[in-house]
Amino acid sequence: MIALIIIVTVIAAPIIEELLFRGMLQSVIRSYVGSAWVSIFFTAAMFSIVHIVNPTHLPAIFVLGLCLGYAYEKSGSLLRSIFIHAIFNSIA
């Protein structure tokens, strides 16, 4: 059971969430508004709302979303944001 939890939280969730939030949502928003920072901010807000288990964690998850969005924009690849997300989940 522990192995399954690790696989889901450290491997599957970062890949799926980064494809959804950065790969799709952030890219679509950027194409419509033309601003990377607006798309990063909006996507980070959506990311933090989806992950709201404990309201006190909201600021930290929002900052993580900003960092993931920036990493994606800066590198032009989802691999960097997937890696950061996986590291964050493994530590958490």
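Me: Why does I7 count as partly exposed in this predicted model?

Reply: The relative accessibility of I7 is 45%. Buried means under 20% and exposed means over 50%, with partly exposed in between; I7 therefore counts as partly exposed. The residue is found in helix α1, which covers residues 2-33.

Me: What makes I7, I11, I15, I16 and L19 a nonpolar patch?

Reply: Patches are made of residues with over 30% relative accessible area and no salt bridge, and nonpolar side chains, Ile and Leu among them, are joined within 5 Å. I7, at 45%, is partly exposed. Together with I11, I15, I16 and L19, I7 forms a nonpolar patch on the surface, and the accessible area of these residues together is about 440 Å².

Me: Why is H85 called buried?

Reply: The relative accessibility of H85 is 1%. Buried means under 20%, so H85 counts as buried.

Me: Where does H85 lie, and which residues is H85 in contact with, leaving aside its neighbours within four places in sequence?

Reply: H85 lies in helix α4, made of residues 78-91. With those neighbours left aside, H85 is in contact with P14, E17, E18, F47 and L68. Contact here means heavy atoms within 4.5 Å.

Me: How do you know whether F21 is buried or exposed?

Reply: F21 has a relative accessible area of 6%. The cut-off for buried is under 20%, so F21 is buried. This residue is found in helix α1.

Me: What pattern does the protein follow along the sequence, and why is the protein described as being as compact as a globular protein of its length?

Reply: The protein has four helices and zero strands, and the pattern read along the sequence is α-α-α-α. Its radius of gyration is 13 Å, close to the 12 Å that the globule rule gives for 92 residues, so the protein is as compact as a globular protein of that length. The C-alpha trace spans about 45 × 30 × 15 Å along its principal axes.

Me: How much of the protein do buried residues make up?

Reply: Of the 92 residues, 30% are buried. The accessible surface comes to about 5,800 Å², and 79% of it belongs to carbon and sulfur atoms.

Technical notes. Residues numbered from 1 in each chain as written. Predicted model: local features only at pLDDT ≥ 70, side-chain atom pairs only at ≥ 80, totals over all residues. Heavy atoms only, no water. Patch = residues over 30% accessible without salt bridge, like charges linked within 9 Å, V, L, I, M, F, W, Y side chains within 5 Å. Areas by Shrake-Rupley, 256 points an atom, 1.4 Å probe, with all protein chains shown as cover. Salt bridge = Lys/Arg side-chain N within 4 Å of Asp/Glu carboxyl O. Helix = DSSP H or I, 4+ residues; strand = E, 2+ residues; numbered from the N terminus. Buried < 20%, exposed > 50% of the residue type's maximum accessible area, 1.4 Å probe, protein only. Rg over C-alpha atoms; globule rule 2.2 N^0.38 Å.
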